[in-house]
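Biologist: I would like to learn how to read a model like this one. Could you take me through a few features?

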Amino acid sequence: SAASKLLGYSADELTRMTIADISVKEQLENTWQVFQKLLAEGGVFAELDLVRKDGSVFPADLNAIILPDGQIYGSCRDLTERQQAQKEVADQLAELRSWHAVTLDREDRVQEIKREVNALCRQLGEPIPYPSQEAGPPGPTASEPGP
């Protein structure tokens, strides 16, 4: 079965086990709360860390309902790859934000230098080379003839 493949136990072993047998011991209280919610509401969806037969722990989402005959039907999915992908995206986003900040700082400095060059050119009576850096819409300056 899928549960056997996911957890490493045979189908026969799984039928004799409880949720506590595949739960991380330090998270057992949270697992019991999820189980209590299932009993109270008749269905539950939760993310839990589960333990495989070999002792390895993996994040899983659990979707379970109580059937009309009182049995519990549940499915779970290993979230390891999804969480790894989310971490990689978050790491890439952090790096992109860092580069973005550096680029903006650099662009701000370039604009500041262009304004300084414009100011020096005005002092010398020369045409300003960077009209786009002037306040207001670009147009002729006092030292530049109009159209």
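Biologist: Leaving aside its neighbours within four places in sequence, which residues is D61 in contact with?

Modeller: First, the ground rules. This is a predicted model, where local features need pLDDT of at least 70, side-chain atom pairs count only at pLDDT 80 or more, and totals for chains, interfaces and linings use all residues. Residues are numbered from 1 along each chain as its sequence is written, and side-chain values use heavy atoms, with hydrogens and water left out. Contact means heavy atoms within 4.5 Å. With those sequence neighbours set aside, D61 touches F45, A46, E47, S75, C76, R77 and L79.

Biologist: Is D61 buried or exposed?

Modeller: Buried means under 20% relative accessible area, exposed over 50%, and partly exposed in between, using a 1.4 Å probe and protein chains only. D61 counts as buried because its relative accessibility is 6%.

Biologist: With which side chain does the side chain of D61 make a polar contact?

Modeller: A polar contact is a pair of N or O atoms within 3.5 Å; within protein, one must be able to donate a hydrogen and the other to accept it, and residues adjacent in sequence count only if both atoms are side-chain atoms. For D61 the partner is the side chain of R77, at 2.6 Å.

Biologist: Which strand holds D61?

Modeller: Helices (H or I, at least four residues) and strands (E, at least two) are DSSP runs, numbered from the N terminus. D61 sits in strand β2, residues 57-66.

Biologist: How many bridges join β1 to β2?

Modeller: Two strands pair if DSSP finds at least two bridges between them. Here nine bridges link β1 (residues 43-51) to β2, and the two run antiparallel. A46 has L62 as its bridge partner in β2. Five residues lie between the strands of this hairpin, where G55 takes a positive phi near 95°.

Biologist: What about S23? Where does it lie?

Modeller: S23 is in the loop between α2 and α3. At 2% relative accessibility, S23 counts as buried. Its side chain reaches the backbone oxygen of I19 at 2.6 Å. Beyond four places in sequence, S23 is in contact with L28, T31, D49 and V51.

Biologist: Which element gives the most to the lining of the largest pocket?

Modeller: Rolling a probe the size of a water molecule over the atoms shows where empty space is left. On a 1 Å grid over the protein atoms alone, a pocket is an open set of points where a 1.4 Å probe fits, with protein on both sides within 12 Å along at least five of seven lines; lining residues have an atom within 4 Å of a point. β3 gives the most to the lining of the largest pocket, with seven residues.
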